[in-house]
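User: Could you walk me through the charged pairs in this protein? I'd like to start with a single pair and go from there.

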Amino acid sequence: MLTRQKINASVSPKGSLETLSQREVQQLRETGSGSVYALFRQCALAILNTGSHSDNAKTILEAYPDFEVKIHQQDRGIRLELINAPADAFVDGEMIASTREMLFSALRDIVYTQSELENKRVDVESSSGLTDYVFHLLRNARTLRAGAEPKMVVCWGGHSISTEEYKYTKKVGHELGLRALDVCTGCGPGVMKGPMKGATISHAKQRILGARYLGLTEPGIIAAEAPNPIVNELVILPDIEKRLEAFVRVGHGIIIFPGGAGTAEEFLYLLGILMHPDNAELPFPLVLTGPKSAEPYLRQLHDFIGATLGREAQNRYVLIPNDPAEVARHMAAGIKAVKQFRRERHDAFHFNWLLKIDESFQHPFEPTHEAMASLNLTREQPVHELAANLRRAFSGIVAGNVKAHGIQLIEEHGPYELRGDKTIMQPLDRLLQAFVEQHRMKLPGGTAYVPCYRVVS
């Protein structure tokens, strides 16, 4: 079991929630009980546990069973009392600044989300209502900056990658930073850290102040992908679907690096959206890349997309292996096209309102055994809907691998079953088996991976 030293501490906000009304303070204090408190406790523990090499939410929670966080009112707003917190989050008794900022960002997002839902200000029945909800969550977190030039590059990829792949992500991040581009990731380790780390150096070289390192996460996965310390803006969205929509609404281009089931989920999500007829003319630079050693992986993923979604899907992205500078040049040129397109159509630079996202990509998917077994993985549906269902399949695998609830379901009922057309299930099985062989399902050095799924054709 994971064990580390613990500490008791009192922390005041900086960066978020510095000025609060009495009503807001009371609302926050009410958070200290029930399911909302349990959610905040889990997210707080993950943030304080930054640097851990465990990607299992259940393991981290079990390592600190006596961790508590209490909310107190004071003249300036609120104060958090932490009991039996991970000591690595502190230096000489003082909490590391980035950790403190992210801790209060988590509290801000969780309380705001709960408030919006309780006051029934969210229309969860319509596509436009869900998009509006994502917009308000991002605006409340001060992520949306009107008038700022388009330059946010989203980087997707695995938290379990090789050293060579990690170094490659840093090189790409460095090239992005040299071109004054900002970086947005899922905020964890691996691919979510490398581009940010590379960009910090090139931003410094270019004397760029105020560079943005935006991290977007959600409660179900934050313990598996605890925020890395480079993140200077953290937003916790309510679920994976809101998180994915936030990525594609605030990002001006996306780079896909090597990863596992979570990366495939993200890739399929975006391709399914871009293949919707309403988005046919919308520019959205998308690059699939990795170092020379990852070329077999890139080819496997490219072939899987071709075998399941077809050439049209492959045409929505470019494959650029082992060339960080070319990746950055392509992204910079693509973002210029995005800027021109939005200017001509009077669309905001900070939020992609014109992008059509079908409701099938917006509603939360609960990966129960019944839901996974009943996924429509056949060709008797529009290709963007097949992409949505393949995305759900990978989402369930991620849950079974690293999310506490998913791990518990697998322990109780055995592996999920995935059923569908042979022409879809065979490429899916080959891709998943390659992920296992390449140690892309779990952090290397741990116990042997036991699949949480079974493919049935």
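User: Which residue forms a salt bridge with arginine 391?

Analyst: Quick note first: this is a predicted model, where local features need pLDDT of at least 70, side-chain atom pairs count only at pLDDT 80 or more, and totals for chains, interfaces and linings use all residues. Residues are numbered from 1 along each chain as its sequence is written, and side-chain values use heavy atoms, with hydrogens and water left out. A salt bridge here means a side-chain nitrogen of Lys or Arg within 4 Å of a carboxyl oxygen of Asp or Glu. With closest N and O atoms 3.0 Å apart, the partner of arginine 391 is glutamate 241.

User: How many residues apart are the two in the chain?

Analyst: Arginine 391 sits in helix α14 (residues 383–402) and glutamate 241 in helix α8 (residues 240–250); helices are DSSP runs of H or I, at least four residues, numbered from the N terminus. The pair links distant parts of the chain, 150 residues apart.

User: Is arginine 391 buried or exposed?

Analyst: Buried means under 20% relative accessible area, exposed over 50%, and partly exposed in between (1.4 Å probe, protein chains only). Arginine 391 has 0% relative accessibility, so it counts as buried.

User: What is the N to O distance between arginine 108 and aspartate 109?

Analyst: Both arginine 108 and aspartate 109 are buried. Their side chains meet in a salt bridge, N to O, at 2.7 Å.

User: How many salt bridges are there in the whole structure?

Analyst: One of the others joins lysine 242 to aspartate 239. A search of the whole structure gives a total of 15.
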